[in-house]
Every structure is written in structure tokens, then in C-alpha cells.
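Reader: I have the structure open. Can you walk me through some of the helices?
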Amino acid sequence: MSALRSYYYKLPPGLRLLGRKIYYFPIDLYEGLTGKRSENEPKKGDIYVGSSDFIPHGIRQMNVLRKYIALSNTDHVLDVGCGIGRTAVALTGFIDKGRYDGFDAVEKGIIWCNKNIHKKYPNFNFKFTPIYNDLYNTFSQKAENFTFPYDKAVFDKVFLFSVFTHMQIPEIKRYLSEISRVMKTDGQCLATFFLYDNSKTEGGSMHFPHQYDGYKLMDEKVTAANIAVSISLLHQMAYDAGLHVTTIKEGFWRTDVEKEGADEFQDIVVFNKI
């Protein structure tokens, strides 16, 4: 783990968001004064997850959804952990006859999305869900007991980018169960993970030195910092939730995967209902 990331994880949740805003302040000021920021792009200091290449990354994620779960412009989709709208912005030019729903535990992201996306595209809807995550907040609502605020079997497609990589095992189990509940019988879910196989030695740009039963942590004091899950546990959790793992595509975080031939930094997993 880099020294900068290690220091970042030592900060309280509120200061992590502030620290990122301060770090990107010079470039945000420059882009604001020069008009180089897209009207569909938040300030880099407000993008609290992922890299700052907001528009290109969102387009890549849309292309991943179209490639692996045949995303259609008529689909009703659920974006779990929608953040500050990285994927949603890209999808506004694609889902014109369907509907998009997204929720997130960081309120400022939902506020930005409602102001900058929902007002222009009323078929795109966002909800703030105050769920505890020791990386971002101190809310009392636990993800392992959380019920998605949607009815049963309403979504054609569900997706999660860099969400399960910040959740503990009981939380992942609960979310997989909820995904199965809200997804239609013939629906599909795409999610990204850091995965490992106990039968072989694997290396990558991300390091998980703290080993537990079926998973590894990057930082044992910030359990949502980053988590790697064993492939065998992933299959078992999916089965218990009424899902089946149909595709695993390795990401370029791995040392043996070339960036040019990979679709995502993290590992892509596709689930179908059993």
C-alpha cells in the first residue's frame, strides 16, 4: 500500500472527503476558470471514488455493461453504489426508452446527481441511503441488514462498480441476496471484485496482507478500504443468494493481465438467477 493511501485511510471519514477536495483544489480552480470542465462532470475534488478521469471511465463502464450483460436502451437498470454519477452520465445518452435507478451512501453524490442528471433526464432517479461504511461515514444503518428500497423482480439489469471491493463478507452476502430479490428472473448482474484463488500464487498492483477465512484485507483497521474475496467463497455466496456466476473476467490490477486486453481494473463478475 502506498504511503499516500496509507495516510488517507488513517483519516476519519469526513476528513477523507475533505482531504481529496483539498488535494484537487488547484486543478478544479484552473478548470473552473478556463471552462475546461464538462457541464456533465463534477469537480475532481468531489469525485470520492475511483480516478479523476470521470467521463472516459464512465464510457468504459457503459461499454462493459453492453459487452457482458447486453445492456439495452429499453432496460430498467439498478446502479448499486452509484456514487456521483460516473456511469449514470454515460448512460444518459443510451437508456432513452428504459429507466435508471441508483442509490448511494454518500449524500453529496446524490445531491449532485439529482441536480445535474435527474433534472435533465427524469427517467434517471437517485436515492440517498445512509448506510454505514467505515471508509466514508459513521451512520448507524448496517449494510448487512439493509433492504434495497425497491420492489421484487423489477430490474432487467443490476450493476455495481467498485462496491463489493469496499464491503465486508456479511454485507456482500446481504447485497447479493437483495440483488437476487429485485432482479427479474431472466435478469443479469455485473459486479467488480478483487478475486484470488487459494490454489495459486497471485500478484498485482493492489496488496492485501491481512488474511482471513475466505477473504483478505488491505487495511485491517479500515475494513472497507479494500477487500479481496476468494473465488470459492464467491461461488458459494452467489449460490446461497439464488445466483450463479456465469463469467469471470480478470482485471488489469493483476500483474499477469495486460491493460490493453482488459476491460476493467478490477475483476468483472456476471451473475444470473438460478
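Author: This is a predicted model. Helix H4 (residues 54–68) has 15 residues, which at 1.5 Å a residue should span 21 Å, and the end C-alpha atoms of H4 are 21 Å apart, so the two agree.

Reader: Which residues of H4 are buried?
Author: Phe54, His57, Gly58, Gln61, Met62, Val64, Leu65 and Tyr68.

Reader: Where do they fall, seen down the axis of H4?
Author: The buried residues lie within an arc of 155 degrees, so they line one face of the helix.

Reader: Why would residues three or four places apart point the same way?
Author: Because an α-helix has 3.6 residues a turn.

Reader: What covers the buried residues of H4?
Author: The cover includes H5, along with strands E4 (155–160), E5 (183–193), E10 (243–249) and E11 (267–273).

Reader: And what follows H4?
Author: Ala70, with a positive phi near 50 degrees.

Reader: On to Thr87. Which helix is Thr87 in, and is it buried or exposed?
Author: Thr87 sits in H5, residues 86–91. Its relative accessibility is 5%, under the 20% cut-off, so Thr87 counts as buried.

Reader: What does Thr87 touch, leaving out residues up to four places away in sequence?
Author: Gln61, Leu65, Asp79, Phe159 and Phe161. Gln61 and Leu65 are also among the buried residues of H4.

Reader: Last one, H7. What is its span?
Author: H7 (residues 169–182) has 14 residues and reaches 20 Å from first C-alpha to last, close to the 20 Å expected. Its buried residues include Ile169, Tyr175 and Val182.

Key:
Residues numbered from 1 in each chain as written. Predicted model: local features only at pLDDT ≥ 70, side-chain atom pairs only at ≥ 80, totals over all residues. Heavy atoms only, no water. Helix = DSSP H or I, 4+ residues; strand = E, 2+ residues; numbered from the N terminus. Buried < 20%, exposed > 50% of the residue type's maximum accessible area, 1.4 Å probe, protein only. Contact = heavy atoms within 4.5 Å. Expected span 1.5 Å × (residues − 1). Arc of directions from axis to C-beta.
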